[in-house]
Amino acid sequence: MSQQGENSYSEPERRAQEKLQSIDTLKAPVIQLGRDMGYEVIENHDLGAGPVHITWVFKPGSESLPDMRLGFICLTEFSNSSINEGIARAMLNLVDKLVFVVPTETMTKQVKDAIESMPDRSILQLRKYVTVLTPSTLVSKQGIKGARQRRSAETGRGVI
Amino acid sequence: MNLERLVEAGEEKGFEVEQDVDFGAGPIQVVWNINVHSALPNIRFGFITLGGEEGGSQDTEDNQLSVRKIEEAAFRGLRSGLDKTYLITENEEMAKSVSGKIEWLASHGSLIRLDAISLGLYPEQQESSVITPSQQRVPEGEKIRKQDEKEREVKFDKYNRPQGERRDKESEEEGTKRELKFDENSRPKGQKKVLKD
C-alpha cells in the first residue's frame, strides 16, 4: 500500500517533497537555537514578498527603539536565481540581516563567492547584509567567546 | 520575445548596446551603456525578459506574473550593478501588472525602494510607463466615493423600505427587535444562533 502511495508521486512532486524535507532539516537547529537564546522565533515570516523561513526578532527593550529582525533562508542547492530571490525576499520583508543556511561547507563557499563577486560599482554591498553558514557551524560556534569578550574576561572589565 | 526594437532604439540614440550578458548574477538580455558626460561614469540600463516558461506553472495564464519572478529579476539587475532594471513582458497588460506589483512591494517600506530602480515594460511600448498614483489621478477620489455612498444610502432608505416603516419612524427598541429577528431567521439551517434561556 505504502509503496503504491510513494509511486503515485510524479518526479517533480517527489523532488519538491525532498526539497521541503531538507529545508525542514536545515530549519530545525535554527529554530531550537533561537528559542534557547530567548528570542522571538517566527517561521515563514512574510509581509507579501514571499516567506523568510525563520526570523529571530530582537526587542531592544525600549519602545522608542525598533525591533531588529535576523532572517534565515535555507538553500538546498546553489543557483544565482535562488540567491537573488532570497535577498529580495529578505529585504522586501524588512529583515535587517540575512543568513543563508546551506547544507555543506562547499556550498557555503559557492554562495559566499557569488555574493562577494558583485561589481564594485553596485549600489548594494551585500557582504555587509548577508552571512552564509551551515547549521553545524551555527550550533558549534554557540558559546565560543569572541576575541573582545575573551580579552575583557581576562582583564576583568566589561566590553565597551 | 523580440527585443530587436530595444536594441535598435538604444543604438539609434547612440548608446553602446550589449546583448545576453551575465555579470555573475544571472542573464541580462539587453544592456544600454549610456555615456552622459566624459567626466562621469556610464549609466547602465538593463532589460530582463519575464516569461512563464521558466517553471512558474500558471504564470502568464491570466496576464499576471508571480511576485517571486519579479523580485528575482529586479535583484538580478541590482546584483549585476545595473542602475535601472526594466522587466520586459509579452504585452501591455502584463507590463502594467508587473509595475503595479513593484509599487506594492515598494509600499512595505523596505530599505530598497524597488519602484525607484525597476519598472514593467513591453517591447512595443511608446507611451510613458510611469504609473500615476491614484491620489494624483483622482485628487478628490475619497470625497467622491463618500458622497456616492451617502447618496446610495439615501436612495436605499427612500425606496427599499415599505411605506410607514421608514428608519426615522422606528424607535430604538423596535430597531433592536427587528435586527434580532433578522439575525435569527436569516441564517442557513444548522447554523442558527443558540439563544441562552
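Which strands of chain A does helix α4 (residues 105-116) lie across, and at about what angle does α4(A) run to β5(A)? Helix α4 of chain A lies across β4 and β5 of chain A, and runs at about 160 degrees to β5(A). Here helices (H or I, at least four residues) and strands (E, at least two) are DSSP runs, numbered from the N terminus. Axes are lines fitted to C-alpha atoms, for helices over the stretch in contact, with angles from 0 to 180 degrees between N-to-C directions.

The model is predicted: local features need pLDDT of at least 70, side-chain atom pairs count only at pLDDT 80 or more, and totals for chains, interfaces and linings use all residues. Residues are numbered from 1 along each chain as its sequence is written, while chains are lettered from A and ligands numbered from 1 in the order in which they are written.

We may begin with the sheet of chain A. Five strands make up this open sheet in the order β1-β2-β3-β4-β5, with mixed pairing; two strands pair if DSSP finds at least two bridges between them. Strands β1 (40-45) and β5 (130-133) of chain A each have a single partner strand, so one side of each is left without a neighbour in the sheet. Direction ignored, neighbouring strands of this sheet are turned by 25 degrees against each other on average. Strand β4 (residues 97-101) of chain A pairs with β5(A) in the parallel sense over four bridges, and Phe100(A) stands opposite Val132(A) in β5(A). Helix α3 (residues 80-92) of chain A also packs on the sheet, touching β2 (52-58), β3 (68-74), β4 and β5 of chain A; contact calls for C-beta atoms, placed from the backbone, within 7 Å. The direction of α3(A) makes about 160 degrees with that of β3(A).

An open sheet of five strands, β1-β2-β3-β4-β5, is found in chain B, and its pairing is mixed. Its edge strands are β1 (16-22) and β5 of chain B, each pairing on one side only. Strand β2 (residues 27-34) of chain B runs antiparallel to β3(B), joined by five bridges, and Ile34(B) has Ile43(B) as its bridge partner in β3(B). Five bridges also join β3 (residues 43-49) of chain B to β4(B), in parallel; Phe45(B) is partnered there by Lys84(B). On to β5 (residues 118-121) of chain B, β4(B) pairs in the parallel sense over four bridges, with Leu119(B) as the bridge partner of Tyr86(B).

Why is β4 (residues 84-88) of chain B largely enclosed by the rest of the structure? Four of its five residues are buried, so the strand is largely enclosed; buried means 20 or more other C-beta atoms within 10 Å of a residue's own, the C-beta atoms being placed from the backbone. Helix α2(B) lies across β2, β3, β4 and β5 of chain B, at about 145 degrees to β4(B).

Where the chains meet, the contact takes 22 residues from chain B and 22 residues from chain A. Helix α2 (residues 67-79) of chain B gives the most to the side of chain B that touches chain A, with nine residues.

How values were computed
Contact = placed C-beta atoms within 7 Å. Buried ≥ 20, exposed ≤ 12 C-beta atoms within 10 Å, placed from the backbone.
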